[in-house]
Amino acid sequence: MKVLLLGSGGREHALAWKLAQSPRLSRLLVGPGNPGTARWGTNVPLQADSPEAVVSLARRERVDLVVVGPEAPLVAGVADALAQVDIPCFGPVAAAARIEGSKAFAKEVMEEAGVPTAAFRVFTDAAQAEAYAVAQGRIVVKADGLAAGKGVIVAPDAKAAREAVRAVAQMGQAGQQMVLEELLEGEEVSLMALCDGERYVLLPLSQDHKRVGEGDTGPNTGGMGAYCPAPFLTPQELAKVGEQVIAPTLAVLKKRGTPLRGVLYAGLMLTASGPKVLEFNARFGDPETQVLMMQVDEDLLPLLDACARGTLEPRPLKQFPGASVGVVLAAEGYPEAPKKGQRIEGLEAVPSNAPVFLAGVAKQDGALVTAGGRVLTVCARGDSLATARERALTAADAVRFEGKHFRRDIGARGLRARP
C-alpha cells in the first residue's frame, strides 16, 4: 500500500515510525512532515489543511490510504474531499470532527448518547459567562473552538473564574462561544479507540501531563509527556468504558449521517462515581500517540485501513508487556513565548531502545534546531513503568539545547497507583 500521512509533529513522526514497520507498506509520503519523518518516508511540501491540495497530491501519487494526524485538516474537510474521489481516509468527515472542533456540539452528542460527563452551560455572551463563573467559583472554562490545546482553563475560585472567562473571550473565533462546566476531581486519563464508523478497537489507556511544571504546576500546555498503560482501570473496567462511552457516541454520529472513521479520543476523569468524559477529540493525541505506538505489538496499517473502509473487526489489541514512557523536551519560554533556532545536540548519544520523535524541529545549515515549543519527545519501553521512566529520563538528559526544560515526574502518578 502507498500511504499519505498528513502532519508535521511528534505524533506524525511516531505514526511514520510505526507505519514504516508494516510489511504491507510500499511507500510512505508525509505532508509536510519534519526532519524526523524524513527517515521513515518521503516528505512532500503540502498544506495539510487544504482539501484541494491534499486531493491533488493523493490522486497524482495514486495513494491507497490517507492518514490524518492533526485536527485542522479534519475540521477543514479533507476527509470529505477525499471521499468525493473515492480515496480511503483514516480521519472523520468535518461534520463528525465537530466533536472536537466544537465543545458545545460534543456536549450535545454526549447528552443524546447518554455518556456520563460534567454538568455544563454554554454561553455566547462573555458578561453572562463571567457572572455565572464568579457565582459558581470552582469551574472549568472552555473555548468552544480549536485553541491548539490551550483553550481549557481550570479555575479553583471566583477570582480565577473571572480571569478564565476573560482569557477565553480573548481567544478570537475559538472563544466566541464558551462552555462552562463543573470541576471534576480524580485521575485524568486518555482513552483512544480506532473506529470504522460503527465498530471500534480500544488502544491502551494512557495518561498525559498537561501542565508545564512538575507536580502539575504552571500553565497548561499541549502536553509535556505521557505513559501507557495507565494502571487506573482493569481490562474489564476499560471494556465497560468502551461500551458506555465509545459505542453510544459512534451510534449517535452514525444516526446523524456522519459516521466517525478514525480515532475517537475520550479525555476521561476517573471520579468517585465512575469515569466521566471531559472532552472528545477526533484524532490521535499528542504526546500520547508516541507512547501508544511504542506499546502496540502489531501491524498498525491494516487496522487504519480497515477503519477507513468500514471493515474493522472488533477485538483486543496486542500489546507489548510492561510500559512505555514519553518525555517532552520543550524550548525555553514554552508555552508562552518559545525561543527558536537553538541548536540540538546529543541525539547520537540517545540509546537505540529510546526512540526520539521530533516535533518543533527544523534543519538549518545541516544541523537540527528548535522550531517550536514542544521540540521533541524521548520515549522508552521497559518491563515495568519504573524501568521505562528511568530509560526515558536518561535519554532526555543526553539531548542538549539551550533553554531545554522537561518534567521528571512523567508517570509518577502511575507508580503511586501501582508500584
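What we have on the screen is a predicted model, in which local features need pLDDT of at least 70 and side-chain atom pairs count only at pLDDT 80 or more, while totals for chains, interfaces and linings use all residues. Residues are numbered from 1 along each chain as its sequence is written, and side-chain values use heavy atoms, with hydrogens and water left out.

I will also speak of helices and strands, which are DSSP runs numbered from the N terminus, helices being H or I over at least four residues and strands being E over at least two.

Let me start with helix H1, residues 10–19. Ten of the ten residues in H1 are buried, and they are Gly-10, Arg-11, Glu-12, His-13, Ala-14, Leu-15, Ala-16, Trp-17, Lys-18 and Leu-19. What lies over them? The cover includes strands S1 and S2, helix H3 (71–76), helix H10 (288–295), helix H11 (301–309) and strand S19 (356–358), where contact means heavy atoms within 4.5 Å.

Now to the sheet, for which two strands count as paired if DSSP finds at least two bridges between them. Five strands form an open sheet with parallel pairing, in the order S3-S2-S1-S4-S5, and its edge strands, S3 (42–43) and S5 (89–90), each pair on one side only. Between S2 and S3 there are two bridges in the parallel sense, with Val-30 opposite Asn-43 of S3. H1 packs on this sheet, touching S1 and S2, and its direction makes about 165 degrees with that of S1; helix H2, residues 51–61, also packs there, touching S1, S2 and S4, at about 160 degrees to S1. For those angles, axes are lines fitted to C-alpha atoms, for helices over the stretch in contact, and the values run from 0 to 180 degrees between N-to-C directions.

Strand S1 itself, residues 2–7, is mostly covered, five of its six residues being buried. S1 pairs with S2 (residues 27–32) in the parallel sense over six bridges, and Lys-2 stands opposite Arg-27 in S2. The chain passes from S1 through H1 to S2 in a β-α-β crossover that is right-handed, meaning that, with the strands pointing away from the viewer, the path from the first strand over the helix to the second runs clockwise. S1 also pairs with S4 (residues 65–68), in the parallel sense and over four bridges, and there Val-3 faces Leu-65.

Elsewhere, Ala-155 sits in strand S8, residues 152–155, and counts as buried because its relative accessibility is 0%. Not counting residues up to four places away in sequence, Ala-155 touches several residues, including Gly-137, Ala-160 and Leu-183. Ala-155 and Gly-137 are 18 residues apart in sequence and 7.4 Å apart in space, C-alpha to C-alpha.

Finally, how many disulfides does a search of the whole structure find? The search finds zero, a disulfide being a pair of cysteine sulfur atoms within 2.5 Å. The sulfur of Cys-89 has its closest cysteine sulfur in Cys-307, 11 Å away, and so is too far for a bond. Cys-307 is likewise in no disulfide, the nearest cysteine sulfur, that of Cys-195, being 6.6 Å away. Cys-89 is buried at 8% relative accessibility, and Cys-307 is buried at 0%.

Terms used
Buried < 20%, exposed > 50% of the residue type's maximum accessible area, 1.4 Å probe, protein only.
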